[in-house]
Amino acid sequence: MKEIVVATKNAGKVAELAAALAPLQIAVKSVSDYGAIEEPEETGTTFTDNALLKARYYAQATGRACLADDSGLEADGLGGEPGVYSARFAGPGATDRANNEKLLAELNARPGAARTARFRCVLAFCDTNGQVLTADGTCEGIIIEEGQGSGGFGYDPLFFMPEYRKTLAEMTVAEKNAVSHRGRAVQVMVKQLAGYFS
Ligand SMILES: O=c1[nH]c(=O)c2ncn([C@@H]3O[C@H](COP(=O)(O)OP(=O)(O)OP(=O)(O)O)[C@@H](O)[C@H]3O)c2[nH]1
Ligand SMILES: [Mg+2]
């Protein structure tokens, strides 16, 4: 059967990736459909390393073709931090709220620091034969002083896109997928997967 497992423990990513994969008309599963699989340690220093590490790990653990996502925020005023450490910015297992508070505190501690930032996403697909596909995407924005909106996840309420006059948290899943780092990466990946599954 043609199917793909969205290999992430992040429910926000699952929703965005599942919506974007729908045109492939293949079964989209989530890792939670394959029992209690522990999260791998994300030891890579680049988004690509971690995306590949997660895709290979979950393909092995589920015995299915898996699509993993490694992503994060690069704040120019913080020299590109938190980057690959975005999920753990305020410490291991940090909540989105704690990460957002730390981001604002760090930027506010540097008066005059740039508020520009970008999200990066690398997607890695790995099948049970070890065949790998990758795709990446970025999106540019500005870190605002106070959160706006309740959609999305992570730093979305603080990430304002001037051309749309909205934060990512003020967009629907479809709107966010049309402009986001993940949306851009998955559009490229969908084209590759259409060939893979044909
Ligand atoms: O506001 C946001 N909108 C986004 O669209 C987005 N994409 C990534 N991020 C941040 O970067 C971390 C990824 O870390 P990450 O790739 O290790 O994922 P994760 O640990 O959440 O799940 P998993 O896929 O590893 O299971 C996330 O937790 C978030 O803090 C985002 N924040
Ligand atoms: Mg992670």
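Which polar side-chain atom lies 3.2 Å from a nitrogen atom of ligand 1? I looked this up and found that the atom belongs to His181. For the cover, I noted that the protein takes up 94% of the 620 Å² of accessible area that ligand 1 has on its own, with areas from the Shrake-Rupley method and a 1.4 Å probe, where for residues only the protein chains shown count as cover.

Conventions. I am working with a predicted model, in which local features need pLDDT of at least 70 and side-chain atom pairs count only at pLDDT 80 or more, while totals for chains, interfaces and linings use all residues. Residues are numbered from 1 along each chain as its sequence is written, chains are lettered from A and ligands numbered from 1 in the order in which they are written, and side-chain values use heavy atoms, with hydrogens and water left out.

Ligand shell. I find 20 residues around ligand 1, the closest being Thr8, Lys13, Lys54, Tyr155 and Asp156; a residue is near if one of its heavy atoms lies within 4 Å. I sorted the shell into 4 nonpolar, 7 polar and 9 charged residues, with Ala, Val, Leu, Ile, Met, Phe, Trp, Tyr, Cys and Pro as nonpolar, Asp, Glu, Lys and Arg as charged, and the others, Gly among them, as polar. Strand β3 (66-75) and helix α5 (181-197) each supply at least two shell residues, and β3 gives the most, with 4 residues; these elements are DSSP runs numbered from the N terminus, helices being H or I of at least four residues and strands E of at least two.

Oxygen atoms of the ligand. I noted a polar side-chain atom of Lys13 at 2.7 Å from an oxygen atom of ligand 1, and a backbone N or O atom of Ser71 at 3.1 Å from an oxygen atom of ligand 1.

I located Lys54 in helix α2 (residues 47-62), and because its relative accessibility is 7%, Lys54 counts as buried, which means under 20% relative accessible area, with exposed over 50% and partly exposed in between (1.4 Å probe, protein chains only). Its side chain makes a polar contact with the side chain of Glu42 at 3.4 Å, the term meaning a pair of N or O atoms within 3.5 Å, where within protein one must be able to donate a hydrogen and the other to accept it, and residues adjacent in sequence count only if both atoms are side-chain atoms. A polar contact of 2.8 Å also joins the side chains of Lys54 and Asp70. I placed Asp70 in strand β3, where its 2% relative accessibility makes it buried.
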